[in-house]
Amino acid sequence: MAGSVPLFFHFPSHGVAAMDIETSFNLHPAAVRSLAKWHDMVERKDLRELASIVHPDAVFRSPMAFKPYESAQALILVLETVVTIFEDFTYHRRFVGDDGFGVVLEFSAAVDGRKLMGIDMIRFDEDGLIVEFEVMIRPFSGLQALGARMGERLGHLLPDYKARS
């Protein structure tokens, strides 16, 4: 279609923080800033500043659980842990939602030598704070390996953050 904007673009395999996030077609400016900060933290494997871009009532949806985890503390706990478990983590592509507040980041990684592919679906508010973070992973063997490692570290902590319904 003439004049249309592509639905995605490719990330280089290295230097994610150096990419030109400012050219994100319709991503809200506050979300652009937070996404740039997220990429920088992930590349450094240092999420100490994550709380500065997460809404206090954020929701995390795990690929291992049906019910979401509610609160910034749960989201931060999970992401700070997973960054220490993933090997060879790389983002590949980004898809931006029409409203400018949602982004999907495709990634690859390994856990205990098992390769996996996944997506991070992140939703920002108007202040650029993460309000929802959902992860999907395949294949099942990679998800199982990740679930086992995460369970070893966080299995006793996460039930307190489950959504009540």
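**Fold and core**

Author: The protein has 3 helices and 7 strands. Helices (H or I, at least four residues) and strands (E, at least two) are DSSP runs, numbered from the N terminus. This is a predicted model, where local features need pLDDT of at least 70 and side-chain atom pairs count only at pLDDT 80 or more, while totals for chains, interfaces and linings use all residues. Residues are numbered from 1 along each chain as its sequence is written, and side-chain values use heavy atoms, with hydrogens and water left out.

Reader: What pattern does the protein follow along the sequence?

Author: The pattern reads β-α-β-β-α-β-β-β-β-α.

Reader: Which residues touch the most other members of the largest nonpolar core?

Author: Trp 38, Leu 50, Val 54, Leu 75, Leu 79, Phe 86 and Phe 133, out of 44 residues in that core. A nonpolar core is a set of buried Ala, Val, Leu, Ile, Met, Phe, Trp, Tyr and Cys residues joined through side-chain atoms within 4.5 Å. Buried means under 20% relative accessible area, exposed over 50%, partly exposed in between (1.4 Å probe, protein chains only).

Reader: And where does the largest share of this core come from?

Author: From H2, with 9 residues.

Reader: What is Trp 38 in contact with, leaving aside neighbours within four places in sequence?

Author: Among its partners are Leu 47, Leu 50, Leu 79, Tyr 91, Asp 120 and Phe 133. Contact means heavy atoms within 4.5 Å.

Reader: Switching to helices. At what angle do H2 and H3 pack?

Author: About 125 degrees, with the axes 10 Å apart. That makes H2 oblique to H3. Axes are lines fitted to C-alpha atoms, for helices over the stretch in contact, and angles run from 0 to 180 degrees between N-to-C directions. Angles under 35 degrees count as roughly parallel, over 145 as roughly antiparallel, 65 to 115 as roughly perpendicular and the rest as oblique.

Reader: Take Thr 81. Buried or exposed?

Author: Thr 81 is buried, at a relative accessible area of 10%. This residue lies in helix H2. Leaving aside neighbours within four places in sequence, Thr 81 contacts Met 150, Arg 153 and Leu 154.

Reader: Now strands. In what sense do E4 and E5 pair?

Author: Antiparallel, over 7 bridges. Two strands pair if DSSP finds at least two bridges between them. Phe 95 has Val 104 in E5 as its bridge partner.

Reader: Which residue in that hairpin takes a positive phi?

Author: Gly 100, near 85 degrees. The hairpin has 5 residues between the strands.
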